[in-house]
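Here is a friendly walk through one chain, in questions and answers. Keep the sequence and the 3D view open as you read.

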Amino acid sequence: MSNSATPGIPVISKIVASVHDGWLIISDYKLMNRNWFYLFFRQKRQELLKRANGSVFNNLKISIVENFPINAPNKDLLKRFEKISNPIFSEMEELQLENIKLTKIKEALLNLYF
């Protein structure tokens, strides 16, 4: 999740990478689903921003996110959510990968002719 300049924007990354200043990492989901967290924080972004502070940019400190109230769904509701959301998120991921491939093809073709 971004924590400065434009704070509170959740991002799902399935790659292992180093993270620089400006991002908070949520990697220990325990009993929660990653997609649920993503949608939850997207919906609650404005509430998070009200808790942010800073003189030039609003910043979300780790403690703000750690102490943010989360109404976790029970196991049955989470299973129903996963049944609906997992195929949707999988399709979105496939489309994003296809867009990356198509962009590379476009750039290669443009380089050939221009």
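Q: Which helix holds Q43, and is Q43 buried or exposed?
A: This is a predicted model, and in it Q43 has its place in helix α1. Its relative accessible area is 64%. Anything over 50% counts as exposed, so Q43 is exposed.

Q: Is I25 buried or exposed?
A: I25 sits in the segment before α1. Its relative accessibility is 57%. The cut-off for the exposed class is over 50%, so I25 counts as exposed.

Q: What is the C-alpha to C-alpha distance between I25 and F37?
A: These two residues are twelve places apart in sequence. From C-alpha to C-alpha, I25 and F37 lie 12 Å apart.

Q: What pattern does the chain follow along its sequence?
A: The chain has four helices and zero strands. Read along the sequence, that gives the pattern α-α-α-α.

Q: Why is the chain said to be more spread out than a compact globule?
A: For 114 residues, the globule rule gives 13 Å. The C-alpha trace spans about 55 × 45 × 25 Å along its principal axes.

Q: Which element gives the largest share of the largest nonpolar core?
A: That core has 15 residues, and M1, W36, F41, L48, L60 and V65 touch the most other members. Two or more residues come from each of α1 (34–43), α3 (62–66) and α4 (75–113). The largest share, four residues, comes from α1.

Q: Which residues does W36 touch, leaving out those up to four places away in sequence?
A: W36 is one of the core residues that touch the most other members. Leaving out residues up to four places away in sequence, W36 touches I70, N71, A72, P73, L78 and F81.

Q: What percentage of the accessible surface belongs to carbon and sulfur atoms?
A: Of the 114 residues, 25% count as buried. The accessible surface of the chain comes to about 9100 Å². The share belonging to carbon and sulfur atoms is 56%.

Q: How far apart are the centres of the positive and negative side chains?
A: The chain carries 16 positive and 11 negative side chains. The centres of the two sets are separated by 5 Å.

Terms used
Residues numbered from 1 in each chain as written. Predicted model: local features only at pLDDT ≥ 70, side-chain atom pairs only at ≥ 80, totals over all residues. Heavy atoms only, no water. Rg over C-alpha atoms; globule rule 2.2 N^0.38 Å. Buried < 20%, exposed > 50% of the residue type's maximum accessible area, 1.4 Å probe, protein only. Areas by Shrake-Rupley, 256 points an atom, 1.4 Å probe, with all protein chains shown as cover. Lys, Arg positive; Asp, Glu negative; His and termini not counted. Charge placed at Lys NZ, Arg CZ, Asp CG, Glu CD. Core = buried A, V, L, I, M, F, W, Y, C linked by side-chain atoms within 4.5 Å. Contact = heavy atoms within 4.5 Å.
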